[in-house]
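I opened the notebook to record what I looked up in this structure. The entries follow in the order I made them.

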Amino acid sequence: MKRKLLGILFVFVLSLSILPIGSAQASVMWGKTELKKGQIGKATLINNSQLWTYSKDRKSLVEIRKLKKGEEYRVYTFKSDFGELYGVGGGAFIKKSSAVKYETPSKVKLQALGVTLSKQTFEGAFNYPQVEGLINSEAQKKINTAIKNHMDASYTSLLKLEEDEFAHREDYYNEHGYDVPEDEEYRFSYEYDVTYEVKYNKNNLLSILIYDYMYTGGAHGMSTVEAYNFDVLTGNQISLTSIAKSSSALTKMKNYAKADLLNQNKEMGMIFTDSLSSITINNDRPYYFYDNGVVVKFFEYEVAAYAAGMPEVKIPYSVFK
């Protein structure tokens, strides 16, 4: 009796885990459904059918429950040990039949789940991302060239900084007659580094932030950030004004950002409230996508103390569209 109850419980739990594709907010839509990573297709019930799983000895199939016409299920695998079966996850299957319509996602939809990025090294100095395997090879070339051009400019800045450090050390020697002593070494140990973050990678949108850090002596270094937002179908960069398409929309974004920064100041007390009236929201403003809008970034010292880093404000599409 106990074993029978456990078996019933297992089938019940399994049936809960394999549900029709619902109406929850989706990242990548495929018709009325949400596409998931690892999904190879979709099974739509055009007539009533059944959901199956393996028996305990795996010598037969056991029905989990009835399926109703109109329900849709994500397909992750194919099996052929008991006829042709669509694997819908959790060890459950739908039998191939005239009651089931099977479809595969387009390449565009699969790409929308997120593109592949590899980590490359520029002249042994900086790591940087490059996209791989895009449907549109020209789009891939555009994206990779834009990022590589940034690395080229950063590397030029690194070489210039090394020259400056050498010249300043030489000046010190000429002035004092000896090399920079240990207690002053920090003033002449210059640094240049580049890092990046992939902030968004789906819905055929790609957001990458690239940070350039420079230290030339003093209490601390300084960082700048440049945002790269791409349409991966075309390789074109997406400007902020192509999202907020009117001066009214930009004003709404600006007002929202000011209010949010004031709220941040209540929490951490580092915002320069006097500077908020002069903030700008335009194509020079770094930003990146998130599922429901954009996140705008502010530079070091632009609106807050150094310890606050680069403050961000998340602005929903509903604010400006």
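I began with a definition: a residue is buried under 20% relative accessible area, exposed over 50%, and partly exposed in between. I also noted that the model is predicted.

Entry on salt bridges. I searched the whole structure and found 11 salt bridges. I looked up the one between glutamate 185 and arginine 169, where the closest N and O atoms are 2.3 Å apart. Glutamate 185 lies in the loop between helix H3 (137–176) and strand S13 (191–202), and arginine 169 lies in helix H3, so the pair ties together parts that are 16 residues apart in sequence. Arginine 169 has a relative accessible area of 24%, so I put it down as partly exposed. Glutamate 185, at 26%, is partly exposed too. Salt bridges with shared partners join Glu165, Arg169 and Glu185 into one network.

I then checked lysine 36, which forms a salt bridge with glutamate 34 at 3.2 Å between the closest N and O atoms. Lysine 36 is partly exposed at 33%, whereas glutamate 34 counts as buried at 12%.

Entry on strands. Strands S4 (residues 49–54) and S5 (residues 61–67) run antiparallel and are joined by 6 bridges. Serine 49 stands opposite leucine 67 in S5. The hairpin has 6 residues between the strands, and there I found arginine 58 with a positive phi near 60°.

Entry on the surface. I noted a nonpolar patch of Val108, Ile135 and Leu233, with about 220 Å² of accessible area together. Leucine 233 sits in the loop between strand S15 (222–231) and helix H4 (247–268).

Key
Residues are numbered from 1 along each chain as its sequence is written. This is a predicted model: local features need pLDDT of at least 70, side-chain atom pairs count only at pLDDT 80 or more; totals for chains, interfaces and linings use all residues. Side-chain values use heavy atoms; hydrogens and water are left out. Two strands pair if DSSP finds at least two bridges between them. Helices (H or I, at least four residues) and strands (E, at least two) are DSSP runs, numbered from the N terminus. Patches are made of residues with over 30% relative accessible area and no salt bridge: like charges are joined within 9 Å, nonpolar side chains (Val, Leu, Ile, Met, Phe, Trp, Tyr) within 5 Å. Accessible areas come from the Shrake-Rupley method with a 1.4 Å probe; for residues, only the protein chains shown count as cover. A salt bridge is a side-chain nitrogen of Lys or Arg within 4 Å of a carboxyl oxygen of Asp or Glu. Buried means under 20% relative accessible area, exposed over 50%, partly exposed in between (1.4 Å probe, protein chains only).
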